[in-house]
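Subject: Structure handover

Hello,

Here is the structure I said I would pass on. Please have it open while you read the notes below it.

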Amino acid sequence: MTTIVIAILALLALAAGFGALLGFASEKFKVEGDPIVDQIDALLPQTQCGQCGHPGCRPYAEAIAAGEEHNRCPPGGEQTVVDLSELLGREVLPLDAEEDADVGIKKVAYIREDECIGCTKCIQACPVDAILGAAKQMHTVIADECTGCDLCVEPCPVDCIDMLEVKPTLGTWIWDKPPGIGKKPDNLIPVVNVDPVEA
Amino acid sequence: MNARIPATTVPVGQYQNPRPIHDFRGGIHPPQNKDQSTGRPIRRAPLPEQLVLPLNMHLGAPAKALVSAGDRVLKGQKIAEGNGAVSLPIHAPTSGTVMAVGERPIQHPSGLHAPCIVIAPDGEETWTELHPLTHWRECAPSMLVARIREAGIAGMGGAGFPAAVKLNLRDGQQIEELVINAVECEPYITADDMLMRERAEQIIAGIEKLQFLLQPKATLVGIEDNKPEAIKAMCAAAEGKSMDILVVPTKYPSGGEKQLIELLTGKEVPSGGIPAQVGVVCHNIGTAVAIHRAIEFGEPLISRITTLTGDAFTEPGNVEVLLGTPVQSLLDYAGATAERIGRLIMGGPMMGFAIHTPSVPIVKTTNCIIAASAAELPAPPPEQPCIRCGSCAEVCPANLLPQQLYWYSKTEDLERAQQYNLMDCIECGACAYVCPSNIPLVQYYRHAKGEVRQQVAEQQKADKARERFEARKARLEKEAAEKEARRKARLEASKQKKSAAPGVDLAALKKASLDASSAYKAAVKALKAAETEGADPDTVAQLRTDADNLKAKADGAKAAVRDAKAGGASVADTGADKVAELKKAVGEASSAYKAAVKDAKAAEEAGAENASELRSHADTLKAKADELKAQLRDAKASAPATAATAPASKPEKSAEQASSEAADRAKKMKALKTAFNMANKQWKEASASLERAERDGADDIDTLKKTVDKLRFKADKAKEALNVLVEEAKKNIEAASGSDLKTLKLEAGRAEAAVRAKEKELEDAKRSGDQENIDVIYRERDALRREATMAASSLQSAIDEQGLKED
Amino acid sequence: MAFITVTSPHTTQTGNHTGAFMRQVLYATVPGLAVLTWLFGFGTLINLLWAIPVALASEALVLKARGRDVRFFLADYSAVVTAVLLALAIPPTAPWWLTLVGVSFSIVVAKQIYGGLGMNPFNPAMVGYVLLLISFPVEMTRWIAPHEAPSLMESVQLFLGSTSADAFTGATPLDTFRTWAGDAEKLASQAILNGKLAGQGWDWVNLAFLVGGLYLVWRKIITWHIPVGVLAGLALTATPFWLYDPVRYGTPVFHLFSGAAMLGAFFIATDPVSAATSRLGRLIYGFLIGVLVWVIRSHGGYPDAMAFAVLLMNLSAPMIDYYTQPRTYGHKAAHRGASR
């Protein structure tokens, strides 16, 4: 009988001791991480396009932190889904985008300035203030600031905004990845022919 | 520290280095293939039909063109200026005419085009005025550095870094060693070899100028031991000068800047740093010659020595070639025909790049053109699996783990690749050279490096976008808060007014009504939730009665508000209020109808039983909404009529009424315009899709056609309505001012013409000097001017009032 | 005009490809194979000729099942090398099915299931060997006494399993030493322990593999690090124990020239796929294999230990690599483990 009591007491003492130690350690060595919303926000592509159904990336980050599915960001593509899954410890979900949506192709808005009537609707729609102009004045897109979210295309009453694909320049061109095992790596360099412009 | 051993007496095999050299790790010994191009002396390449000068021939920002098509330029004239600190000017290599400034294929592995200046030579080779500095030792170093910069001298070894940047020392910086790179370790290339054999004196003269500028404690010239004749020539030229000629064993890539520095001085350049941090500056011998010529003769950099080699050339060798000469011209000159060429390389076989077209020009960094036959440099065999043999790590001069970098680059694990120092890779190609599995390792690294750079750029862009988005959000919130504050202030003011007047407290009643209706809504919601959740019937019934009670209460409150309004407000107010209320009712009714339709549709889709019931309910709602709409129309019609009944007694009010009507019309017109635009746009889209459908032969063409017609009709109707409104507005103006718009315009025009006539008269009078007459005319003119201004302003106001635009 | 457009370098070392590497390994086994045949008859040769088609067939089958280009991957000779190394390790008395099981397991399970050449964490030949050793201990330990080689006909019969091997088998020097360790008299009286260098016959086998191995080092097919590591590990561990008790522990020379020491050091431990990759890492990897071989030989349950030692160190290779990263040019310190 006494042996059992001693054993139980010893176990209890041990449990209490280690519990206290663990509790102390968790307080003492607490890691002050970024709040999860900030971490999620950092992984989102910041196009502020609203394709996830939220008015911007930060609100979507908040929604994800609150439990919403993390596969609703077409501009981020599969990679963002994978990164978010890793961060959140959730399952990797297939990207929730339309079948033929050209995911991953970088675009920039371009206003055909002759046709612009100066209605300012696109200016109000732009989430990053990348369109310049005033009422009844021609508008223009600051290409460097444009995230390619295409939120300005819909409101335009005269349909004068195009989403143009961003073409590689000498500064942004990079080598292709080799085709892999069993394949010859030659003739890889994509020839981008630009018609010579006669000055 | 003279070159102690006279080269003529010591065979190169036993050449004693005047100071010990070190070694660098890794490296390979590829076949040299240098003899092909050392058999002939340096020749002068013929003048091509046109010279193409890319604006970025160097490392750094592209130059800015100073000439345009049609300009005549002289040999050595500056045709483009440097753009920023790390940039260089460009000079015309010969005299001629600028044909174009535009996009041409340039020296880049991508095959992309970039801005170039194209010059058609006139064959006269007329020099621009040159300014030699024969007494350069008396010049300030800063002036000489500026001269070197203005001469457009880029590193001639391959990278093309502006030479002047490396000569700008920080205050108090001491250079221990000046390293002169004469190694030329890449196979095939012999440009530096031939330069040393033929022009050693110029090289030494250039090195002396570098010594003057940098004041190094030691000057070390590194030459690979496979160039015995060059070593002899250099030793002879350097005799008596304070520099050491150091012969290094042949091993690729001993000519890499970092490797050569390690080889000659034993020092390592820190990762991400520059040689000056360890007290070393390194220049190529080609650069030294260019510096010599820029100072001694004032010549800018307009030509260079380039090796033409490879099986496809019948006359391989080195040529002195004007910058901008197209490769095609050199192929023709040295007998390389297109059929024989399998691969055309600019640079050496280890680090050069294959070019897509022979129209690419020779630039400041082009040390070699290899026109290789397909047998000489065959197409690479297919990639095999990595067997982790470690040969790559053995030869890596940067002591990296190429294998790990390969795995991480292949799987795009960029973070790991960077941890394994991907960015320290110098892309020398030694690993890919020895790889038994034929893995294009360098391409993997280049791809991964590009991705890393892209990622950094994207991150920066994303950060900026976030910042802008948040700034915008803050601004919008602030605006909303201000609006809210203004609204509250207005409310407060009107409340005070109301409370001053005796009678029923309309605001309180309104609030009560709102509260009641929101309570009712909440109750309905609770009821619905209970129903969907399948709560027990008792509770549901209870909730329903509650809701009904609340509904009755809300209705009562609404009625009270209506009564209060009717009692307390004037007749006109009632009219306006009624209109507003009716509007609200219409809105509510139509949204109810829409909701009902939606429900019905959903039910139909789901195949629910009560679909037809829902449908009929929707129809009832629709009828109700229509009725309300009709009422609204009537009310609107009656309201102005009321006002119009007493125009004489209240003229001011009527004017107000008129102006508010005009404003209304303007608003309507704007709305109609937008509607027309929208309809037009939709029509355009629909017809485009119809066209597409017709082209593709889709079977729903008829439906599409109908849609198009419908939309066209809609657009036409909007246009019509717009026209009607415009006409109405014009008529109104006529009514208001007693004359139509045309008359107003005419009047304004006439007045202005009169002013102009008077002004002419005034001028005539001034000329004749009739003072009295002048005064009269002055007065007359002023009167006319006033008249014109008034006419113009009345026209303007008429237009503004009616919301018309002058078409 | 269409030029080849490809990234630099535009030239690669001629005659330097995986297939050539593997062929050199095959050539280097010739002296060892010759001595084995001289001492123990044609058994090994027959096994080898049987193992090669088995390996190629298994590889081709799996490649086909995986939808890969069979011809392209067979051309790298890696399956042949696995087959040859396993055949050299199996006793010459082995019947055909033993080789069949071992080789097909090596290729299918130890190599292809992990993703094929370059992806296998363990040396395929040794995985096959260990499978056989554990499953068929009797067949796997029946070696022939030196110079009592069966005739060609008898070897064929052994291969077909139509005759018993008992008539030919004898203890190997390692077995013998194990049995009599600690008994000085018995040890002295065992003829098999008194060869020129070490155990009779086996010293010749090991010398022959040493010659082949040196050929590989000379042809730069392998670097010296792993073999030197293995032999040093073995000798340096054996020496102090032998000095302490020469009756219980064998001499370093005995260890170096017995069993599979040289075959393991030059041909098996050096399999690049499953070994450590950095120079220092390879030295450590080899050294620890040597130590393990001595430990298992002297204290383990099996007379020889190369297969176990190599497999155990295969497990540790990634960790060794991780902690032996070289210092990159221009960096102050090596990147040792401190990721993230």
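Which domains does the domain assignment of chain B give? The assignment gives domain 1 (12-299), domain 2 (382-498) and domain 3 (741-802). Please keep in mind that this is a predicted model.

Within chain B, the centres of domain 1 and domain 3, taken over C-alpha atoms, are separated by 75 Å.

Chain C has its own division, into domain 1 (18-171) and domain 2 (220-323). The C-alpha centres of these domains of chain C are 22 Å apart. Where they touch, domain 1 of chain C supplies 19 residues to the contact and domain 2 of chain C supplies 13 residues.

Which elements of chain C give two or more residues to the side of domain 1 that touches domain 2? They are α1 (18-28), α5 (78-89) and α7 (124-135) of chain C. The largest share of that side comes from α7(C), with six residues. Sorted by class, the side of domain 1 of chain C that touches domain 2 of chain C holds 13 nonpolar residues and six polar ones, with no charged residues.

The last item is the contact between the chains. How many residues of chain C are in contact with chain B? There are 34 from chain C, in contact with 53 residues of chain B. The side of chain C that touches chain B is made up of 20 polar, twelve nonpolar and two charged residues.

Regards

How values were computed. Residues numbered from 1 in each chain as written. Chains lettered and ligands numbered in written order. Predicted model: local features only at pLDDT ≥ 70, side-chain atom pairs only at ≥ 80, totals over all residues. Domains from an automatic or database assignment. Contact = placed C-beta atoms within 7 Å. Helix = DSSP H or I, 4+ residues; strand = E, 2+ residues; numbered from the N terminus. Nonpolar A, V, L, I, M, F, W, Y, C, P; charged D, E, K, R; others polar.
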